[in-house]
Amino acid sequence: MCYSGQVVEITGLGVGINYGQIANNLPSPSRVVVLLRSLNINRVKLYDADQNVLQAFSNANVEFIVGVGNEDVLNMTDPTKAQAWVKQHVQPHLPQTKITCITVGNEVFSSNNTEVMSNVVPAMQNINKALDSMGLSQQVNVSTAHSLSVLANSFPPSSGTFREDLAQYMEPLLEFHSETKSPFLLNAYPYFAYKGNPNEVSLDYVLFRPNQGIVDPITNLSYDNMLYAQIDAVYSAIKVMGHSDIEVKISETGWPSQGDFDEAGATAENAGIYNMNLLKRVEEKQGTPIKPSVPIDVFVFALFNEDLKPGPTSERNYGLFYPDGKSVYNIGLQGYLPELIVGSASGFPIKVSKRYYRFSDLHFGIYDLLLRTACKYNNDHLRGEDQENGTLEAPSRSSDFSS
């Protein structure tokens, strides 16, 4: 596999990234470590608690959100099983891998499974109790992610309310968030609003481009983009239920670079505009009109295109990168991926070639990481006489990482 000097486009703007793995062609986790470190991305969200990923990121100074899958939510209502899950999937990786949050289910309240819905909060409580019993509850919080379908009303933003049929679940959920100081996680996609009604929804409004915006007639607050309006609608819904102390964080947002003929707006150009403008807002530490002093907290969806995801073409094309490490589109911020070449299984040569970085504060860290990755491959794959013929070449720290 080779990551050879591709120009890539994110350099530590404070965003997190969703690392989905519904694909059969992704690079190994150890190579993903190199990719993310070279980009200075230090927050990652998983949809499970993949042990290979968590081990690969040991001592990489990357914060992780890990997940209990929807299929396991009911099991977590058993305190013994919740304790066992935390012991197996979280405790062994701390503190080397920085796990900071556990999501219990993903968009559960968008399903029709009332049994799982009614057990999300008990499962969250048991996971939190397990963390507390291990002395981990101060460093790892517990949440669950929601789609915007949990709202009965989202416009104007100040009139946001949750669906009445979800009130019985939302009340204890918000109590839990308030008590544990954990965030309300929202998967928000302005793309879906545009796709559903491209003749009425302004493309400029959903892409953060200059536009006339909208004014909330109740608060007189102005909105120049749909994402902020969606976030504030959720803040309003939470307030209606008696809470003003819960932070809303964006656990997913993004834009597809390809789509089917009936998926309006799914183009690489629009995806690049959306994500570039979003990253600028994050870099500026902007808040929403209702919460102007609280910078938006965002996890972009997603790191890679995932070729095995079901559904329309767009579902397989949210990635910032192709599996070979090439960027899907240019969003204007330059860096270089290191060249990492792994030889054939017959000869086992390994070469880590020198490559210039613009991130001067990461030079030594990247160097060490590349070296460890190559050495690990040697240890795992070179045996007997073949090991005598293996090669490891790397630039010297003093001469080849000058800026």
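# A chat about the barrel and its helices

Author: Welcome! Eight strands, in the order 2-3-4-5-6-9-12-13, form a closed barrel with parallel pairing. From one strand to the next the twist averages 25°; axes here are lines fitted to C-alpha atoms, for helices over the stretch in contact, and angles run from 0 to 180 degrees between N-to-C directions. This is a predicted model, in which local features need pLDDT of at least 70 and side-chain atom pairs count only at pLDDT 80 or more, while totals for chains, interfaces and linings use all residues. Residues are numbered from 1 along each chain as its sequence is written, and side-chain values use heavy atoms, with hydrogens and water left out.

Reader: Thanks! How many helices and strands does the chain have?

Author: The chain has 12 helices and 17 strands. Helices (H or I, at least four residues) and strands (E, at least two) are DSSP runs, numbered from the N terminus.

Reader: And what does it take for two strands to pair?

Author: DSSP has to find at least two bridges between them. Strand 4 (residues 63-68) and strand 5 (residues 98-106), for example, are parallel and share 6 bridges. In that pair, Glu 63 sits opposite Lys 98 of strand 5.

Reader: Nice. Which helix packs on the sheet at strand 12 and strand 13?

Author: That is helix 9 (residues 268-283), which touches strand 12 and strand 13 (298-300) and whose direction makes about 155° with that of strand 13.

Reader: Let's go to strand 9. Which strands is strand 9 joined to?

Author: Strand 6 (residues 141-147) runs parallel to strand 9 and is joined to it by 3 bridges. His 146 stands opposite Leu 186 there. Strand 9 also runs parallel to strand 12 (residues 248-253), with 4 bridges between them. Leu 185 has Lys 249 of strand 12 as its bridge partner.

Reader: Are the faces of strand 9 covered or open?

Author: Both faces of strand 9 (residues 184-187) are covered. Phe 184 and Leu 186 on one side, and Leu 185 and Asn 187 on the other, are all buried. Buried means under 20% relative accessible area, exposed means over 50%, and partly exposed is in between (1.4 Å probe, protein chains only). In a regular strand, side chains alternate between the two faces of the sheet.

Reader: What share of the chain is buried?

Author: Of the 403 residues, 51% count as buried.

Reader: Switching to helices: how do helix 3 and helix 4 meet?

Author: The axes of helix 3 (residues 79-89) and helix 4 (residues 114-133) come within 8 Å and cross at roughly 60°. The two helices are therefore oblique to each other; angles under 35 degrees count as roughly parallel, over 145 as roughly antiparallel, 65 to 115 as roughly perpendicular and the rest as oblique.

Reader: Where is Asn 128, and is Asn 128 buried or exposed?

Author: Asn 128 lies in helix 4 and is buried, with a relative accessible area of 16%. Beyond its neighbours within four places in sequence, Asn 128 is in contact with Ser 137, Val 142, Phe 176 and Thr 180.

Reader: Last topic: which peptide bonds are cis?

Author: One joins Phe 155 and Pro 156, with omega about -5°. Pro 156 is in the loop between strand 7 (151-153) and strand 8 (161-162). Another cis bond runs from Phe 301 to Ala 302, with omega near 10°.

Conventions
Contact = heavy atoms within 4.5 Å.
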